Amino acid sequence: VLFALSVAIVFSACGSRAPRASGLRQITDEIGRAILVTPEPQRIVSLAPSITETLFALGLGDRIVGVTAYCDYPPEAAAKEQVGDTLRPSIERIVALKTDLVIASTASQLQQFVHNLDEVAIPVYVSDPRGVDGALESITRIGELTGTTARARELTTSLRGRVESVQARLGGTERPRVLCILGSAPLITIGARSFITDLINQAGGRSISEDLVGDYPQYSLETAVAKRPEVIFLETGEADLPERLKRTPAGQFGRVFHIDGNLLLRPGPRIVDGLEQMARKLHPEVFGVE
Amino acid sequence: LIVTLSVLLIVVVVLIILAIAIGSEYVSLDAIVKIISGRAAEITPEQRVIISEIRLPRVLMAVVVGAALSVAGAAYQALLRNPLADPYILGVSTGGALGAIAATVFAESLQVSRPLAAFVGATLTIGCVYVLGQSKQGGSTERLILAGVIVNALLSSAVIFMVTTASGARQRSVLSWLIGDLSGEARLLPPVSAFVAAGILIICFNARSLNLMMTGEEEALALGVEVPRVKVAVYLAASLITGAAVAVSGVIGFVGLIIPHAIRLAGGSDNRLVVPASALVGGAFLLVADSVARTVVAPRELHIGVITALIGAPAFIYLLRRAS
């Protein structure tokens with residue numbers, strides 16, 4: 001009730017600024033919502049670390065007025081005003097920052113929140129990147145949205161060049177079986193819909209859990225053992241490899257690697273860093289031993 | 001009594017064998033027999049790891065945890081003469097979980113500190129609830145349950161606070177851990193089993209006193225039962241086995257509440273039967289529930305709490321209707 005009340009008050013206070021009649025463009029965001037935005041938004045709030053990284057990479061650091069508590073890259077992002085975490089952003093703070101564009105990501109599941117922002121007439125662009133190509137596509141579209149099309153083209157061309165260079169060097173090499181562990185008690189891995197499944201494919205591997213439904217399913221330990229993974233990636237926050245996975249080929253040949261989850265789980269420009277790191281671990285015979 | 005318990009024991013053993021035979025990966029009965037009889041050389045190393053290091057510990061863990069939670073529930077219900085009492089309602093499970101999560105978040109060497117912290121958390125919680133539940137006129141059952149509810153609410157918010165402030169991967173495993181999971185830490189099986197066995201024995205030895213106390217503490221005193229000593233011993237034992245269970249499995253609901261009730265509905269409320277039968281039936285129940293959780297959507301797994309509620313709630317309703 002308090003929340004509804006505060007939204008109502010904010011709404012009535014801001015009612016006058018809603019129709020900024022001239023010069024608005026209609027844009028369709030990545031989940032098919034039509035929104036009205038100014039041609040070059042000047043006061044942008046980012047609701048996902050990947051979006052913050054994308055905006056900085058597009059040279060829009062000065063135009064960001066708010067970020068989430070998880071936006072820790074680049075370091076300058078830490079100096080920005082925080083509007084909350086990705087689950088509970090403060091609508092009051094977003095209004096108080098005189099925001100003219102909010103960019104969210106489907107990864108953070110903010111449907112209700114998007115609706116609340118609609119009520120106070122702040123446009124919300126929702127990005128929905130799927131796979132590495134999807135991430136690059138999303139960067140292009142955020143470039144169009146923010147009036148930095150040329151910069152976005154430059155950035156995606158360079159990123160795409162790095163992806164293609166990895167693939168060219170991989171050629172037709174064997175694709176090792178990969179187990180990716182995001183949590184070990186219980187075992188949480190990546191499913192068909194996860195971003196990381198595509199990343200492993202592009203890095204020349206094959207996820208043993210690629211046929212599982214969903215993004216981040218809980219996985220049977222015995223199936224993980226039975227599939228004989230040759231490489232195991234552990235999210236950095238995770239402690240060591242669970243004892244019972246040490247008898248897998250990956251454990252026996254020492255091919256167990258920690259990898260920075262921020263590079264894998266954030267579909268921004270650094271996704272290509274993650275891809276290159278994975279490719280080097282998966283194919284030392286191609287990229288050399290570190 | 002002996003006959004009933006023997007039959008239940010045989011059922012548990014049969015279920016253990018069945019549970020070892022099923023899983024997300026197919027291992028033939030022949031291979032299982034070879035592994036158990038020590039002729040492991042003819043078996044692939046994966047099959048050996050799956051059976052002896054993954055499935056067997058998990059199956060035994062389910063039995064131990066199910067026995068622990070059920071006996072703890074039976075003990076609290078008898079002590080408090082309240083059908084709603086169970087480790088979860090009294091906040092003891094959450095207290096254990098909070099201790100364990102604190103250990104996971106703050107102490108990097110979580111393997112050793114987690115079960116210890118869970119024992120401490122469970123014991124402190126029941127202590128707090130007990131003190132809060134006392135009034136000037138002595139303890140009343142309603143007051144104690146109320147104290148449990150309040151302490152549980154406080155501990156839950158502390159858990160949520162710690163989960164929100166923990167980062168990324170830890171947050172995920174802590175959350176899943178709160179809902180309950182039996183796949184972890186096979187190494188902890190021996191100490192946890194020892195604690196649970198000791199606790200259950202202590203409660204069994206006090207079963208006759210509990211019977212007398214259920215008719216009224218003053219009457220029990222008059223009949224020569226050392227009521228305060230029995231209460232402290234049973235409270236401590238119940239909290240010990242709850243803490244041990246929570247430390248390896250997380251908070252699993254429903255078991256401590258429904259199993260003792262089911263046994264009382266079926267066989268009467270003599271604690272000399274209820275306590276050991278709760279251990280066996282609770283172990284069997286959680287074993288079946290976990291076997292379903294790990295096979296029904298294989299190779300994915302369900303949360304054990306989903307299954308305990310799905311099996312437990314209809315069974316409980318059926319027993320209630322039959323009794324009335």
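Trainee: What should I know before I start reading residue numbers here?

Mentor: Residues are numbered from 1 along each chain as its sequence is written, chains are lettered from A and ligands numbered from 1 in the order in which they are written. The model is predicted, with local features needing pLDDT of at least 70 and side-chain atom pairs counting only at pLDDT 80 or more, while totals for chains, interfaces and linings use all residues, and side-chain values use heavy atoms, leaving out hydrogens and water.

Trainee: Okay, how many salt bridges are there over all chains?

Mentor: A search of the whole structure finds 19, where a salt bridge is a side-chain nitrogen of Lys or Arg within 4 Å of a carboxyl oxygen of Asp or Glu.

Trainee: Which residue meets A:Arg193 in a salt bridge?

Mentor: The partner is A:Asp215, at 3.4 Å from N to O. A:Arg193 lies in the loop between β9 (187–188) and α7 (195–202) of chain A and A:Asp215 in the loop between β10 (206–207) and α8 (221–226), so the pair ties together parts 22 residues apart in sequence. Helices (H or I, at least four residues) and strands (E, at least two) are DSSP runs, numbered from the N terminus.

Trainee: And is A:Asp215 buried or partly exposed?

Mentor: A:Asp215 is partly exposed at 28% relative accessibility, and A:Arg193 is partly exposed too, at 48%. Buried means under 20% relative accessible area, exposed over 50%, and partly exposed in between (1.4 Å probe, protein chains only).

Trainee: Switching to chain B, what does B:Arg58 pair with?

Mentor: B:Arg58 forms a salt bridge with B:Asp290, and their closest N and O atoms are 2.8 Å apart. This pair links distant parts of the chain, with B:Arg58 in helix α3 (residues 45–80) and B:Asp290 in helix α13 (residues 271–295), 232 residues apart. Both B:Arg58 and B:Asp290 are buried.

Trainee: Now the surface: which residues form the nonpolar patch?

Mentor: B:Val288, B:Val306, B:Leu310 and B:Ile311 form it, with about 310 Å² of accessible area together. Patches are made of residues with over 30% relative accessible area and no salt bridge, like charges being joined within 9 Å and nonpolar side chains (Val, Leu, Ile, Met, Phe, Trp, Tyr) within 5 Å; accessible areas come from the Shrake-Rupley method with a 1.4 Å probe, and for residues only the protein chains shown count as cover.

Trainee: Which helix gives the largest share?

Mentor: Helix α14 (residues 304–323) of chain B does, with 3 residues, whereas B:Val288 lies in helix α13 of chain B and is partly exposed, with a relative accessible area of 34%.
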